[in-house]
Each structure stands twice: as structure tokens, then as C-alpha cells.
Amino acid sequence: MWPLGHVAVAYLCYTIATRARFDAPPAHIPALLLVFGSQFPDLVDKPLAWYLGVIPTGRTLAHSLLVLVPLSVAVLAISSHYDRGEYGIALTIGALSHVLVDALPALWGPNESATHLLWPVVPVEEYEQGPPTILALVQDSLGQPFFLAEFVLAAIAVVLWRRDGYPGLEPVRAAVGRVWPTPG
């Protein structure tokens with residue numbers, strides 16, 4: 001799944017969770033942490049595998065539940081200790097939704113695997129020819145039904161994000177305004 005799809009799935013999960021728990025939309029900072037959490041596994045694993053070669057694939061260390069669950073528990077404990085429990089929940093939902101969605105193709109694809117969920121206990125298939133290029137990733141994705149579904153999920157997430165009042169947008173606007181103030 002591409003970054004857009006991961007953000008969409010994470011936002012859909014989180015907005016449903018906040019509506020169910022608080023009957024309110026997500027708040028600004030948790031929404032931003034959710035976006036970061038939804039990208040976290042790839043931000044860790046892709047550089048370590050593709051550019052540094054210290055892990056076997058772009059889905060190992062931060063995609064492993066054996067690493068991510070204890071890390072999530074620690075994040076939840078620390079955020080709770082500082083009375084920011086919702087921050088930890090948002091990060092955790094983002095990161096866990098990422099790795100679980102990455103495992104979904106294994107349910108119906110005979111050539112797909114979810115071994116990354118239990119790495120390093122269960123080995124993963126290493127790259128045969130080195131890291132993939134963006135063009136190769138796009139070409140591989142075009143024939144996948146999952147790829148097209150990402151755009152549908154993103155459209156639904158944008159509709160809900162709009163309904164929720166664009167949580168997370170205001171702090172970004174404020175930060176951009178500090179960097180590039182409007183003239184006048």
C-alpha cells in the first residue's frame with residue numbers, strides 16, 4: 001500500500017474510534033500524530049533496507065508485531081503518564097493499521113506473505129535484485145485491485161476529514177504562516 005492509502009485507512013479507523021468513544025471528531029494534534037504513525041513503519045524500514053542494507057526488506061523491523069506492539073505499549077504508557085493518552089492512541093492506531101493493512105494481500109494472494117508480522121522469528125524473503133525503484137513499484141501496483149481501492153478509501157477519508165472540520169490542518173497552517181508570513 002502507498003502512503004496515501006495508509007493515511008486513509010488510519011484516518012478511517014481513528015475517526016470511527018473517536019466518534020464512538022467521545023461522540024466528537026479527532027482533535028488537531030492527535031490527527032497529525034495519526035498521520036505520522038501511519039507512515040512510521042515505512043519511514044523506519046525502507047531507509048534501513050533500501051539504502052543502508054541493515055535489514056532484509058522494507059517490511060521487517062518496524063513492520064513486525066514483535067517490535068511494534070511493545071513499542072506501542074511504551075508510547076501509550078508514556079503518553080498516558082503525561083496526560084496525553086490520546087496522542088499515544090493516535091500514533092498506535094496509525095502504526096498498527098499500517099502493518100495490518102500491509103498483511104491483507106496474504107489473505108487472497110498465493111504469492112503474498114505476512115511473515116513480516118513476526119520477523120525476526122519468522123524469516124522474510126529478501127530482495128533478489130536490490131531495492132525496487134519507484135517506477136517498478138508503480139508498475140507492480142497498477143495491476144493490483146488494492147492499489148485502486150486506496151483511492152476509494154482516500155476519497156472516503158477526505159469526505160470524513162472535511163465533515164470532521166479538517167483536524168490537523170490548523171496547526172500546519174499556523175506553522176507554515178510562521179515560516180512564510182503573508183504580506184500585508
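Does V9 count as buried or exposed, and at what relative accessibility? At 12% relative accessibility, V9 counts as buried, where buried means under 20% relative accessible area, exposed means over 50%, and partly exposed lies in between, with a 1.4 Å probe and protein chains only. The structure examined here is a predicted model, in which local features need pLDDT of at least 70 and side-chain atom pairs count only at pLDDT 80 or more, while totals for chains, interfaces and linings use all residues. Residues are numbered from 1 along each chain as its sequence is written, and side-chain values use heavy atoms, with hydrogens and water left out.

We can begin with the overall picture. The protein chain has 7 helices and 0 strands, where helices (H or I, at least four residues) and strands (E, at least two) are DSSP runs numbered from the N terminus. The radius of gyration of the protein chain is 18 Å, close to the 16 Å from the globule rule for 184 residues, so the chain is as compact as a globular protein of that length. This radius is taken over C-alpha atoms, and the globule rule is 2.2 Å times the number of residues to the power 0.38. Along the principal axes, the C-alpha atoms fill a box of roughly 55 × 40 × 35 Å. Of the 184 residues, 34% are buried. Among contacts (heavy atoms within 4.5 Å) between residues at least 6 apart in sequence, 70% join residues at least 24 apart.

The largest nonpolar core has 10 residues in all: A8, A10, Y11, L12, Y14, L34, A90, A154, A157 and L160. Such a core is a set of buried Ala, Val, Leu, Ile, Met, Phe, Trp, Tyr and Cys residues joined through side-chain atoms within 4.5 Å. Helices α1 (3-22) and α6 (145-163) each supply at least two residues of this core, and the largest share, 5 residues, comes from α1. In soluble globular proteins, nonpolar side chains tend to be buried together.

V9, the residue of the opening question, is found in helix α1. Not counting residues up to four places away in sequence, V9 touches M1, S97, V101 and L153. V9 and I93 are 84 residues apart in sequence, yet their C-alpha atoms are 9.8 Å apart in space.

Apart from residues up to four places away in sequence, K46 touches Y51, G58 and R59.

L76 sits in helix α3 (residues 65-81) and counts as partly exposed at 31% relative accessibility. Leaving aside neighbours within four places in sequence, L76 is in contact with G88, I89 and T92. P25 lies in the loop between α1 and α2 and, at 35% relative accessibility, also counts as partly exposed. With neighbours within four places in sequence left aside, P25 is in contact with T18, R19 and D164. The C-alpha atoms of P25 and V122, which are 97 residues apart along the chain, are separated by 39 Å.
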